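Please examine the sequence and structure shown below.

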Amino acid sequence: MACRFLRAPLVAITGTNGKSTTTTLIGEMLKANGLKTFVGGNIGAPLIGFVAEDWDWGVVEVSSFQLEWVKEFRPRIAALLNLTEDHLDRYADFNSYCEAKERIFNAQTDEDIAVLNRDDPLAWSMRERVRSRVISFGWAEVREGVYAKQGEIVWRGEHGQERFALSRVKIQGVHNVENLMAAIAVAKSVPVPAEIIQRVIEEFPGLEHRLEFVREKNGVRFYDDSKGTNVGAVAKSLASFSAPVILIAGGVDKGGDYRILKDEVKRQVKKLILFGAAKEKIRSALGHLTETAVVENLEAAVQEAYRSSRPGDVVLLSPACSSFDMFQNYAERGKVFKTLVQNL
């Protein structure tokens, strides 16, 4: 309903993982360029609250739940970051979930832009069905689009290219390079000058509860990834570490297949600590791959992780589940985790 009254062009971001980080980054880039920009939607601020003012741009995070029933929603730039199993407690199957996500492009025309991930087969296949102009991002070098190489992200347009150094970027991890690529693809479509994009990506501190460093104690680093509420998010987070990981996971099962984490657990996880409603389901899928402990609550999980740790280890809360069995939301779960870690 809000979109029928909003006069500003919209950037809309969806995908299984990375939505909030990418949405926030794009908002910061547009604001730094002097554009009057609001950031809202699934990220926290309802769009209906922005209809009374005039804006240059709106940057909107959109969930599959919201996309299920849109008809006239037409973002000037729409980005689909990735697709992995999620919310299968709501959808009949994974295909139904993907179809909901694809609705972000339904009302677009050839005057609009679709930003797609070349490395995600399901997202990339949509290039054949969208009516809008496709701009892609991914890891392999391309003639036109965005790609990543050693220590930098390269944007190539019709009339040249620009390079963005990553050496001073605060947010770490493979998934964040992908989020940065998507954000740069959108920002250059607005367009935003390269020097402003570079400044924003270097100053951006990252989001709370998304691979957030909490503290180091006795050589052990603790990270809060409470926003990692699905299997795909946990896989990306584990891939961000080279040190041995003690993984704390569990909560309300969303119907995803935990076995997808098999290779990452074998490669990276020295101990798996499980709590919450889904603990036995996760243990059944992954418990045979590494040392595994099942505990009653998050406090016991933090204590067990610390007891099991050695200097050089990483303790990572990345639950792969919703939080509603024990907490109001992922943010409360993350705050409790950080308090427990600070009190060790």
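## Basis of the model

The model is predicted: local features require pLDDT of at least 70, side-chain atom pairs count only at pLDDT 80 or more, and totals for chains, interfaces and linings use all residues. Residues are numbered from 1 along each chain as its sequence is written, and side-chain values use heavy atoms, without hydrogens and water.

## Helix α6

From first to last C-alpha α6 reaches 23 Å, close to the 22 Å expected at 1.5 Å a residue (1.5 Å times one less than the number of residues). Helices are DSSP runs of H or I with at least four residues, numbered from the N terminus.

## Largest cavity

The structure holds 2 cavities of 30 Å³ or more. A cavity is a set of points on a 1 Å grid over the protein atoms alone where a 1.4 Å probe fits but cannot get out; lining residues have an atom within 4 Å of a point.

The largest cavity has a volume of about 50 Å³, the volume being the space filled by probe spheres set on the points. N17, G18, N82, H175, E178, N179, R210 and K236 line the largest cavity. Helix α6 (residues 174-189) gives the most to this lining, with 3 residues.

## Second largest cavity

The second largest cavity has a volume of about 40 Å³. Its lining includes E85, D86, D253 and K254.

Notes. 1 Å grid on protein atoms, 1.4 Å probe; cavity = no way out; pocket = protein on both sides within 12 Å on 5 of 7 lines; lining within 4 Å. Helix = DSSP H or I, 4+ residues; strand = E, 2+ residues; numbered from the N terminus.
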